[in-house]
Amino acid sequence: MSKLILIRHGQSQYNLENRFTGWIDSPLTEKGIQEAESAGDALKAAGYHPQIAFTSALQRAQKTLDIILKKLDLCKIPITKNEALNERHYGDLQGKNKAETAEEFGAEQVHIWRRSFDVPPPNGESLKTTAERTLPYFNEKIMPELQKDQTILVVAHGNSLRSIVMEIENLTPEQILKTEIATGEAWVYEYKNGAFKKYC
């Protein structure tokens, strides 16, 4: 029986500052480090032992993964890093404070960019286009490992993980837009007979 563990990175500096982060390589805060440590402790207490890990090309996810693997005494397992698992690219909004952006473009317009499924911000990605790069990678690189009866750990970002959750839980666009994954939060799935079942 295979298991898929999805974890969003710990709080980043731009999360703390309420900025659109996207592909900007914002580091973890002290709270983010603590969230990663707590995630590692929780996985260890539950007895999870991943055989392989995947993460994005951004340091906040990579550092979170490093902290978790140290907690699990699994620093030598194979790790694959790929920008296909990067956060949604926020285009012209990247680096900007969310409150200031609402003042500049209007709160309603910013809400549409943030919460619609297929309307991207200027020069950026929607959740739909994020899924169009994340899911082929998931299906081509991660699914084959799950089919080997392994425990797979994926540490990535809110929107790249939501893309995966939408796929494996067969959620509608409306359902996934209401789905939130907190920083440092782990979602665990059992994969058996071609189907996923969520543990927590």
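Which residue forms a salt bridge with Arg19, and how far apart are the closest N and O atoms? The partner is Glu17, at 2.9 Å.

## Basis of the model

This is a predicted model, in which local features need pLDDT of at least 70 and side-chain atom pairs count only at pLDDT 80 or more, while totals for chains, interfaces and linings use all residues. Residues are numbered from 1 along each chain as its sequence is written, and side-chain values use heavy atoms, with hydrogens and water left out.

## Salt bridges

A salt bridge requires a side-chain nitrogen of Lys or Arg within 4 Å of a carboxyl oxygen of Asp or Glu; the count by this rule is eight. Accessibility is classed by relative accessible area: buried under 20%, exposed over 50%, partly exposed in between (1.4 Å probe, protein chains only). Arg19 is partly exposed at 28%, and Glu17 is partly exposed at 31%.

Lys44 pairs with Asp73 at 3.6 Å between the closest N and O atoms. Lys44 belongs to helix H2 (residues 30-46) and Asp73 to the loop between helix H3 (59-71) and strand S3 (79-81), so this bridge ties together parts 29 residues apart in sequence. Helices (H or I, at least four residues) and strands (E, at least two) are DSSP runs, numbered from the N terminus. Lys44 is partly exposed at 46%, whereas Asp73 is exposed at 60%.

## Nonpolar core

A nonpolar core is a set of buried Ala, Val, Leu, Ile, Met, Phe, Trp, Tyr and Cys residues joined through side-chain atoms within 4.5 Å. The largest has 29 residues, with Leu4, Leu6 and Val154 making the most contacts inside it. Its largest share, eight residues, comes from H6.
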